[in-house]
Amino acid sequence: MKIIAIGRNYAEHAHELNNPVPTIPVIFLKPDTALLKDNKPFYHPEFSEDVHHELEIVLKINKEGKHISEKFAAGYYEEIGLGVDFTARDIQSRHKEKGLPWELAKAFDSSAPVSNFVPKAQFANLYDLNFHLDINGQRKQTGNTSNLLFSFEYIIAFVSQYFTLKKGDLIFTGTPVGVGKVNIGDHLEGFLEGEKLIDFYIK
Ligand code: ZN
């Protein structure tokens, strides 16, 4: 399986990192070795002094497809969950300055914790979903999918022009404002429409 992620999909988050709001999606990949499941602890890597949390809604692809039209894209995911797109911001900043790729900052081992997935059918409106991240009981990130720049269907249509989507692939759909550093000992709790799906520690 592969993990596809979209950067800068909430305007306020683009602004907080002094990035322009994109007119086409910013896409990057993480390998399967980035996956961290079952709320297992995240071991802070030694190569970064500034690993950031980015809480995101994650789509689970349920069948193979390529060149999927936006009109039919909703049929390619039945379940959604939460994920944390861990980002070594210090490494990313150095690479961005030089126009270099982001893999070392984004694709390292365990950089993609994901929750259990829940049927999207349980939500009345996928474009009015509230989600938030608490760290040590303090609210750090709050998002609502009404603020997405690119819809889930648009993202699926866009990326499937380039990559064949396969059953089990995951799409991280971008983080809202409020990203910041995690520290060893932190307790991360992520909620989707009030249901706690993310619950793990930084070790
Ligand atoms: Zn992200």
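Reader: How are the donor residues of the zinc ion spaced in sequence?
Author: In this predicted model, whose residues are numbered from 1 along each chain as its sequence is written, local features need pLDDT of at least 70 and side-chain atom pairs count only at pLDDT 80 or more, while totals for chains, interfaces and linings use all residues. Side-chain values use heavy atoms, with hydrogens and water left out. The zinc ion has Glu 54 (OE), Glu 56 (OE) and Asp 85 (OD) as its protein donors, at 2.0 to 2.1 Å, where donors are N, O and S atoms within 2.8 Å of the metal (3.2 Å for Na, K and Ca), and sites may look incomplete with water not among the atoms. In sequence, the spacing of these donor residues reads E-x1-E-x28-D.

Reader: How many residues apart in sequence are the parts that Glu 54 and Asp 85 tie together?
Author: Helices (H or I, at least four residues) and strands (E, at least two) are DSSP runs, numbered from the N terminus. Glu 54 sits in the loop between strand S4 (51–53) and strand S5 (55–61), and Asp 85 in the loop between strand S6 (77–84) and strand S7 (87–88), so the parts tied together by this pair have a sequence separation of 31 residues.

Reader: Are Glu 54 and Asp 85 buried or exposed?
Author: Accessibility is judged with a 1.4 Å probe on protein chains only, with exposed meaning over 50% relative accessible area, buried under 20%, and partly exposed the range in between. On that scale, both Glu 54 and Asp 85 are buried.

Reader: Which strands stand at the edges of the sheet?
Author: Six strands, in the order S2-S1-S12-S5-S6-S9, make up an open sheet of mixed pairing, two strands being paired if DSSP finds at least two bridges between them. One side of each edge strand is left without a neighbour in the sheet, because each has a single partner strand; these are strand S2 (26–30) and strand S9 (118–119).

Reader: What angle does the direction of helix H4 make with that of S5?
Author: Helix H4 (residues 152–159) packs on the sheet and touches S1, S2, S5, S6 and S12, contact meaning heavy atoms within 4.5 Å. Axes are lines fitted to C-alpha atoms, for helices over the stretch in contact, and angles between N-to-C directions run from 0 to 180 degrees. For H4 and S5 the angle is about 60°.

Reader: Which side chain does that of Gln 92 join in a polar contact of 2.9 Å?
Author: Gln 92 lies in helix H2 (residues 89–97) and counts as buried because its relative accessibility is 3%. A polar contact is a pair of N or O atoms within 3.5 Å; within protein, one must be able to donate a hydrogen and the other to accept it, and residues adjacent in sequence count only if both atoms are side-chain atoms. The partner of Gln 92 at 2.9 Å is Arg 89.

Reader: What is the relative accessible area of His 67?
Author: His 67, in the loop between S5 and S6, has a positive phi near 50° although it is a residue other than glycine. His 67 counts as exposed because its relative accessible area is 57%.
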